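Trainee: I'd like to learn how to read the features of a model like this one. Could you take me through them one at a time?

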Amino acid sequence: MLNSRLEKFRRHLREAPTYEMWKAAALELDFLEGNVEWKEETPSELYHYELIYERLSHLRQFHEKHEYDKLRRALREGLHHDLGNMGNPALYTRSRVGTKHLIEEYINQVCESLAFICDKPIPGFDNAAKLRFFRDTLTSYGRPAMLLSGGATLGTFHLGVVKALWGRGLLPSTIAGSSVGAIVAGVLGTHTDAEIPELFEPEGHDLNAWKWHGLLKGLRGEGFMDQKQLRANLKANMGDHTFEEAFERTGRSINISVSPVRTNQKTRLLCGYTSPYLMVWSAALASAAVPGIYPPVTLMKKDLNGAALPYLPRLKFVDGSVVSDLPIERLKHLYDVDFTIVSQTNPHVVPFLNRKSAEEKLSLLKIPLHVLKAEMRFHGMGAFDYLRKRVRPEVMRQISGHLYTIMAQRYSGDVTIAPHYTWRHYTQMMSNPSPEFFRQMILEGERATWPKIAMIRSQAKIAKTLERCIARTKDSMGSHKGDLRLVSASDQVK
């Protein structure tokens, strides 16, 4: 009887069309599998529960007694995104919904106390002091960022991930993308909160990005696909906004990776800090210029009068995922990012991602295989590094360089969300998606994200609360000037 009920709800879990239905089935499974008791049991070797309990008790006491100075000091010196190892992935694999209740209570209390300080008039602690407090605390605590990989048409999966996070109020305000990920980031960064729900339906997009250019043109280096078609598609979906204009419109900080054609140039992360007057569609076009499929791109910017003209006219750029699919380190420097959510759809990466549970022990029999893989990667990188610097002709040097960067890159984040590909996915990779395929990929993205919601919420909720406190404090001061680091992307963490 128990086995039949378990199988019933596992089927509901696999086939759920909405998060609410998925969560209902997941909660039933947690009950049947004994995970409810596990969440209620505070002690565990997986985290420092005594430390978290102590912090929670102090915050509650200071909050309830309105001891503002003590509460402020406790928040300022005690916040850490991994306090007591509460970010341990093993804490989010035992249960399908949520984790230890102590962790959830602590996070909720922190957010309530931050909002309390933000909204309550406090003698001797004016809005200017509050703004400094929240900014300093957010810089210390760190914020989440979302990174979207390449993957051609399969990148429509990213929109499903975005939808799942948006619906829970967990979509980071800092978003980076490469190749098709740059296109999705550009679309998100140029659409307001009110417009976002339209993006989850095929009718909200121009889906005609691919157009065959011709074999001879491809062989001549002009690209096998028509870049004019892609350019028109991007402009239709993003408009002519610059990075600066896009941020002022939406409050989202978008970042797009591009790779140089010339050997004496390095990869660039284009964003409101590094290239504020560059047009977003132009950056996305360059990031999507897969070598051989599309020709290199000259970036375009706006001048003082709003006219379009070339940006760095002597340089051309191509596919951002070639060298920097996930620019994690650069984001850390620019935005104080301390937690990364990666949506990974690259067809050459997804089959090799490690999907094992964090609780799964490494078998001694598998150690030689892991050592062999590490050695092959190390020596392969060394060989391709040597060839990319010395081999001739030029085409072989470029191929060696691409292979080196593919092997050297990191393709995962603190949370990595990826599809399960079948042969049918690969057949759709370089074609305009039908409305049916679009909806299918959206749902696949959602379903892949729902099991990660608990961990993302634990890591992102405090940072999102701090961002909202900063925005509300600035509003109360009458300041509406944009700040690329501090504006939140949504109104509520659910």
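Predicted model: local features only at pLDDT ≥ 70, side-chain atom pairs only at ≥ 80, totals over all residues.

Trainee: Which ring does the charged end of Lys100 sit over?

Mentor: That of Trp38, with the charged end 4.2 Å from the ring centre. Arg72 gives another case, lying over the face of Phe125 at 4.2 Å from the centre of that ring.

Trainee: Let me step back to the whole protein. How many helices and strands does it have?

Mentor: There are 20 helices and nine strands. Of the 494 residues, 51% are buried. Among contacts with a separation of 6 or more, 76% join residues 24 or more positions apart. The accessible surface is about 23500 Å², and carbon and sulfur atoms account for 55% of that surface.

Trainee: Which residues other than glycine have a positive phi?

Mentor: His66 is one of them, with phi near 55°. His66 belongs to the loop between helix 4 (49–64) and helix 5 (68–78), and is partly exposed at 38% relative accessibility. Asn85 is another, with phi near 65°. The loop between helix 5 and helix 6 (101–119) holds Asn85, which is partly exposed at 34%.

Trainee: On to salt bridges. How many are there?

Mentor: First, the general idea: side chains of opposite charge can pair when their charged atoms come close. Here the count is 19 salt bridges. In one of these, Arg96 pairs with Glu33, and their closest N and O atoms are 2.6 Å apart. This pair links distant parts of the chain, 63 residues apart: Arg96 is in the loop between helix 5 and helix 6, while Glu33 is in the loop between helix 2 (19–32) and helix 3. Both partners are partly exposed, Arg96 at 25% and Glu33 at 28%. Arg10 joins Glu33 and Arg96 in a network of salt bridges.

Trainee: Is Arg252 buried or exposed?

Mentor: Arg252 is buried, with a relative accessible area of 1%. Its side chain meets that of Asp193 in a salt bridge with an N to O distance of 3.0 Å. Arg252 lies in the loop between helix 12 (243–250) and strand 3 (253–260), and Asp193 in the loop between helix 9 and helix 10, so their pairing ties together parts 59 residues apart in sequence. Asp193 is partly exposed, at 29%.

Trainee: What about a salt bridge inside a helix?

Mentor: An α-helix has 3.6 residues a turn, so residues three or four places apart point the same way. Lys332 and Glu329 are both in helix 15, three residues apart, about one turn of the helix. Their side chains form a salt bridge at 3.6 Å, N to O.

Trainee: And how many aromatic pairs are there?

Mentor: The count is 11 aromatic pairs. In the pair of Tyr273 and Tyr335, the ring centres are 5.4 Å apart and the planes are at 45°, so the pair is tilted. Tyr273 lies in the loop between strand 4 (268–270) and helix 13 (280–287), and Tyr335 in helix 15 (residues 328–335), so the pair ties together parts 62 residues apart in sequence. Tyr273 is partly exposed at 31%, whereas Tyr335 is buried at 0%. Elsewhere, Tyr19, Trp22 and Trp450 form one aromatic cluster.

Trainee: Last one: which residues make the nonpolar surface patch of about 500 Å²?

Mentor: Trp212, Leu215, Leu216 and Leu219 make that patch. Leu215 is in helix 10 (residues 215–219) and is exposed, with a relative accessible area of 52%.

How values were computed:
Residues numbered from 1 in each chain as written. Heavy atoms only, no water. Phe/Tyr/Trp six-rings, centres within 6.5 Å; stacked < 30°, edge-to-face > 60°. Helix = DSSP H or I, 4+ residues; strand = E, 2+ residues; numbered from the N terminus. Buried < 20%, exposed > 50% of the residue type's maximum accessible area, 1.4 Å probe, protein only. Lys NZ or Arg CZ within 6 Å of the ring centre and 35° of its normal. Patch = residues over 30% accessible without salt bridge, like charges linked within 9 Å, V, L, I, M, F, W, Y side chains within 5 Å. Areas by Shrake-Rupley, 256 points an atom, 1.4 Å probe, with all protein chains shown as cover. Salt bridge = Lys/Arg side-chain N within 4 Å of Asp/Glu carboxyl O. Contact = heavy atoms within 4.5 Å.
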